[in-house]
Amino acid sequence: MEIRELAEAVLFGDTLEHKLTPAGRLTDERPGPPARSPDAPGRPPELALDRWSETGRVAFEEVRSLERDEDRGLVLHFFANHELMAAELMALVLLKFPDAPARFRRGVARTLRDEQEHLRLYLERMGASGVAFGQIPVSDFFWRAISPMPTPLDFVTRLSLTLEQANLDYAPHYQRLFDELGDAGTADLMGRIYRDEIGHVRHGLNWFNTWRAPSRSEWESFQQALGFPLSPSRAKGIGFNRQGRLQAGLPRAFVDELELFVHSHGRCPRLHWFNPLCDLAAGRGAPFTPPAPLRDLGRDLALLPALLAAPDDMVIVPGRPSLAYLQELRTAGLPVPELVEWDPAAEPAPAALDGRRLTGLRPWGWAPDSVAALGPLADQLPAGEPAPEGLWHEERRQLYSKAWSADWLAGILPSLRKQEGDWLCGPEVVGSACSTEEEVAAALAAGFAAGWRQGVIKAAFGAAGGRRILVDSPDLPAHRRRWLEGVLQEGGTVVVEPWLDRVLDLSAQYEVEEDGSVRLVGTTRFLAGPGGRFQGVVLHGLTAGLAEETRRFLYGDGRDGRRLQRLYSRLGEDLGRRLPPDFRGPLGVDALVYRDRAHGGLRLKPVVELNPRLTMGRVGLGLQKRVLASRSAVWRLWRVKDLEVAGHASAAAWADLLRRRLPLEMSGDGRQISRGAVFTNDPAEARAFVGVLAVAEEPPTDGQLLAAGADDG
């Protein structure tokens, strides 16, 4: 029989007998003219691809239990349709490209005959389970994705290296399951198909390497050749079978990349972006070019949203981290979502986002920088999802202002103190919003007359403890006056308040839900350096390592263990009444436990500032889920220059020492960290900051972390 005749019977035949046409000895003397891709292959009515849309989807996941014979048959039904679809697509490539190399065509024809045999065997096993082919609708996804193939290279990329490669996971997985169920016949069938698929992938890989551009690696060529809606994640099934892929000839580097690759199969992803300068952009009212140290902050910590993202979300990064570092994250159980290399502040959206439907956009915070960068993606959002431009207005801008936070605290404090008592601060520590130098002078004069030892002047719009000055008297020296003049000209407002004797920094994390309700996600304790600069988050044990007095204060001398939760639930309810009606998403409220010099005891300032965005405390709550609850853990952010001052040659050298001193140990199920040091950005690439999650039986101290391994030679 001519290869063309077999291909025509398989592609256009409308009965299973046609699809299973025995071929005998094949020749290829009359390949015929090139054929066009039909809208659909010939099928009997019960297997027609248009039946998919008429009767609705039956999900593969719904029949994975295998507890009944029928469930087992339905699983095989899915596999049988894949085999039939593969045979039809192979028939199509033979008809579509009659001038393809003869050796390629012979190899495809042999593989097609394998697919026919697989289909026959699946039908036998399905019949034994009481399931008829066509009993449930069949998917047309791979026909739509692969049949438009413009070249044979597209065929081997989309079918051999994607659809068939996934079977290197599915086949051994189900072979084990059927074997455990005592179904030796079906287990043997899956074993045979697995062995055949190794050969099919090898055949496709050989031709893929023949036709791809030699200037690119196999992985780069594979990604480039796959067109939407396919992605490398479609080349993976249940589990990940490295050995089978290596047996098929796939390079180890390709296998490593594929194992780490994440891409949404069905759910449209949410796009995340770490834009930590949104506070400053909000104050300026427009995007701006930050100085190098602030740019380094955004670059070094670009992966932080990955710690909060869903597995099939997307995260924007300025450059892809090394494969070794991503494998380190995966080993530690931390999420590695799909990464999109992009500098939104300087470049248009990359090709990776072309045509992608998105569930939503989630920058670190909405401000002019994120609106400008992500606004062009608005047409890729679902109907009804607000466009970025509509999310930025004066009401939202004011939420970033420390003056708004001071006014909020001043307004709610009397009722809070009436409900809670004098463990909360008094009105004397609430800041005053000032818009002129004269108002600042008056506020300072009144404060120092009332007994301030130090005061602080904060720019209304600032970030991470920056843009503020400490003052020791009401009379500002010349350089302080120049600073104040510049800040007032730029932002219009500052907040003047007493500098408190800091004991403990806290942060409450909220999520404003779609219905506008405000949900308290949790409270965290964060670490602050001199001047209030953020340094880290304590993940387990809010009171771990604290003085007895502080622990007792937080829990009402042991008589009111829920008072923090009660307080911040009340604040959340009040926030819900004050936020703009269209506000949705995350926000945080920073708080401060301080020593009241007038009375000698501790007090809580429940609102230091509102952060209408994601916060480091929210990252801490995300990391908390990755650590065994019985362990002590801290997520610590180090400046590279501090590591160098401590005597380490580089951030990478320090990280290697810390890994040896605090090696990674996972829980019994491999899902949570039991002990170890895990870096939340790659120390080898860090310019200014390195984040490390340190987990141990006892709370690790800064001294232990900073000097770790110094005596290891």
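**Close-up views of a predicted model**

View 1. The model is predicted: local features need pLDDT of at least 70, side-chain atom pairs count only at pLDDT 80 or more, and totals for chains, interfaces and linings use all residues. Residues are numbered from 1 along each chain as its sequence is written, and side-chain values use heavy atoms, with hydrogens and water left out. Y594 belongs to strand β12, residues 585-595; helices (H or I, at least four residues) and strands (E, at least two) are DSSP runs numbered from the N terminus. With a relative accessible area of 2%, Y594 is buried. Buried stands for under 20% relative accessible area, exposed for over 50%, and partly exposed for values in between (1.4 Å probe, protein chains only).

**View 2. Q535 in strand β11.** Strand β11 covers residues 534-538 and includes Q535. The relative accessible area of Q535 is 13%, so this residue counts as buried. Residues up to four places away in sequence aside, Q535 touches L527, A528, G529 and P530, and also W635, R636 and L637.

**View 3. S674 in strand β16.** S674 is part of strand β16, which spans residues 673-679. S674 is buried, at a relative accessible area of 8%. Its contacts, not counting residues up to four places away in sequence, are L628, R631, E665, M666, S667 and V695.

**View 4. Helices α5 and α7.** Two packed helices are described by the angle between their axes and the distance between the axes. For α5 (residues 102-128) and α7 (residues 152-180), the angle is about 35 degrees and the axes are 13 Å apart. Axes are lines fitted to C-alpha atoms, for helices over the stretch in contact, and angles run from 0 to 180 degrees between N-to-C directions. The crossing of α5 past α7 is left-handed, that is, the near helix is turned anticlockwise from the far one by less than a right angle. On the α5 side, F104, V108, T111 and E115 take part; they meet P152, F155, V156 and E164 of α7.

**View 5. Y174 in helix α7.** Helix α7 also holds Y174. Y174 has 1% relative accessibility and therefore counts as buried. T186 is twelve residues from Y174 in sequence, and the C-alpha to C-alpha distance between the two is 8.9 Å.

**View 6. Helix α11 and its cover.** The buried residues of α11 (residues 252-260) are F254, V255, D256, E257, L258 and L260. Their cover includes α7, along with α9 (218-225), α10 (242-247) and α14 (323-331).

**View 7. The whole protein, for orientation.** The protein has 26 helices and 17 strands, and its C-alpha atoms fill a box of roughly 105 × 50 × 45 Å along the principal axes. Of its 713 residues, 55% count as buried. Among contacts between residues at least 6 apart in sequence, 72% join residues at least 24 apart.

How values were computed. Contact means heavy atoms within 4.5 Å.
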